[in-house]
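Hello,

Here is the structure I promised to pass on to you. Please have a look at it first, and then read my notes below.

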Amino acid sequence: MISKEAKTAKEKLFQNKNLEEILSTPIEIQREEWEESVKNIKLPSNIKIEEITVKNIRADWITPEFTTSEVVIFYFHGGGLNQGSKLTHRKLAAEIANRSKLRVFIHNYPLAPENPYPNALNKSLELYLWLLESGLKAENIIFGSDSSGSALALALILLLKQEKQSLPKAAFLFSPMLDFSLSGESVTKNKDLDPKIFKEDLELTSKYYCDKKSVKDPLVSPVYGDFTDFPPLFIQVGSEELLLSDSLTLEKRAKSAGVSVKLEIWEGMWHVFQTRFESIPEADRAVTNTVEFINSVLLN
């Protein structure tokens with residue numbers, strides 16, 4: 001049974017769920033409205049934000065006070081790869097930094113449809129290599145991500161494998177979108193259960209990001225990739241998400257390749273519920289579990 005706080009939040013999400021509004025509002029307006037809604041967010045008092053530009057990409061260093069670790073979390077924000085930014089995801093990233101006592105690096109990768117595949121992937125590769133060139137060791141980099149940002153994170157690991165580059169230490173994924181062909185059973189099965197996203201919304205995400213011939217390319221949809229020699233993976237997903245199947249498929253295929261995988265399916269939770277860590281007990285525990293995973297892989 002879910003908490004009363006989660007139940008109330010879920011009911012409000014369903015009340016505000018409006019497909020017609022999504023389909024009729026230009027993507028530029030949706031981006032602006034999201035940015036406007038978070039521009040006055042409050043962060044923990046011990047968090048420092050340093051805004052930089054690297055390889056013509058704007059990024060943030062999010063640093064907790066008194067951190068001494070060399071480990072960095074490289075975070076890939078969600079938003080369908082056509083919305084979202086370091087600002088929209090700053091609060092969640094800062095909370096992870098605060099609890100883990102690790103620096104977080106989050107970037108504004110190029111957004112679709114103006115910048116379709118492989119633009120965001122190529123820029124993310126440039127930034128990862130820049131981190132290495134700056135003196136960071138791959139073994140001290142952990143990838144973090146949510147939603148469609150997880151496709152970018154795992155695609156980058158696949159690309160690094162192809163180019164025989166050093167891989168990150170581990171990766172954690174919140175409610176990952178990993179299959180742009182939308183072939184997962186849950187996309188249909190959970191269509192009336194997920195209070196956050198629509199199948200039609202996911203179809204637009206795929207259309208904006210890539211052409212139909214590319215939807216099963218592993219660098220677009222990582223679930224179709226070869227996970228041999230992948231770093232440990234930690235996945236959290238809600239039981240009623242449209243994208244539940246993506247997590248289940250990733251777990252199965254990665255485990256069959258010998259990868260260490262931990263999957264948490266949170267009963268009654270929705271897409272990227274972790275953002276509600278301040279008000280929903282399940283979200284708070286989910287973030288705590290994520291930090292525990294980070295700590296565990298750093299001990300190995």
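A residue counts as buried when its relative accessible area is under 20%, and as exposed when that area is over 50%. By that rule F174, with a relative accessible area of 0%, is buried. I will come back to this residue below.

Before the details, please keep in mind that this is a predicted model. The mean pLDDT of the chain is 97, and 100% of the residues reach 70 or more. Confidence is lowest in helix α2 (residues 19-24), where the mean is 91, and highest in β6, at 99.

Let me start with the sheet. It is open and made of eight strands, in the order β1-β2-β4-β3-β5-β6-β7-β8, with mixed pairing. The edges are held by β1 (47-54) and β8; each has a single partner strand, so one side of each is left without a neighbour in the sheet. On average, neighbouring strands are turned by 20 degrees against each other, direction ignored. Between β6 and β7, which run parallel, there are four bridges, and F172 stands opposite F234 in β7. Helix α4 (residues 90-100) packs on this sheet, where it touches β1, β2, β3, β4 (103-107) and β6. The direction of α4 makes about 35 degrees with that of β2.

Next, the aromatic residues. Over the whole structure, a search finds 14 aromatic pairs. One of them is F74 with F143: the ring centres are 5.5 Å apart and the planes stand at 90 degrees, so this pair is edge-to-face. Because F74 lies in strand β3 and F143 in strand β5 (residues 141-146), the pair ties together parts that are 69 residues apart in sequence. F74 counts as buried, at 0% relative accessibility, and F143 is buried too, with a relative accessible area of 0%. Another pair is F172 with F174, which is tilted, at 5.5 Å centre to centre and 45 degrees between the planes. F172 counts as buried at 0% relative accessibility, and F174, as said above, is buried with a relative accessible area of 0%. There is also an aromatic cluster, formed by W61, F74, F76, F105, Y128, W130 and F143.

And which phenylalanine counts as exposed? At 73% relative accessibility, F66 does. F66 has its place in the loop between β2 (57-64) and β3 (72-76). From F66 to L102 there are 36 residues in sequence and 9.7 Å in space, C-alpha to C-alpha.

Finally, a few notes on helix α9 (residues 244-256). With 13 residues at 1.5 Å a residue, α9 should span 18 Å, and its end C-alpha atoms are 19 Å apart, which agrees. Buried in α9 are L244, S245, D246, S247, L250 and A254. As a reminder, an α-helix has 3.6 residues a turn, so residues three or four places apart point the same way. What covers the buried residues of α9 includes α6 (149-162), β6 (170-174), α7 (186-189), β7 (233-238) and β8 (261-266). After α9 comes G258, with a positive phi near 85 degrees.

Best wishes

Conventions:
Residues are numbered from 1 along each chain as its sequence is written. This is a predicted model: local features need pLDDT of at least 70, side-chain atom pairs count only at pLDDT 80 or more; totals for chains, interfaces and linings use all residues. Side-chain values use heavy atoms; hydrogens and water are left out. Helices (H or I, at least four residues) and strands (E, at least two) are DSSP runs, numbered from the N terminus. The expected span of a helix is 1.5 Å times one less than its number of residues. Buried means under 20% relative accessible area, exposed over 50%, partly exposed in between (1.4 Å probe, protein chains only). Contact means heavy atoms within 4.5 Å. pLDDT is the predictor's confidence in each residue, from 0 to 100. Two strands pair if DSSP finds at least two bridges between them. Axes are lines fitted to C-alpha atoms, for helices over the stretch in contact, and angles run from 0 to 180 degrees between N-to-C directions. Rings of Phe, Tyr and Trp (its six-membered ring) pair if their centres lie within 6.5 Å; planes under 30 degrees apart count as stacked, over 60 as edge-to-face and the rest as tilted.
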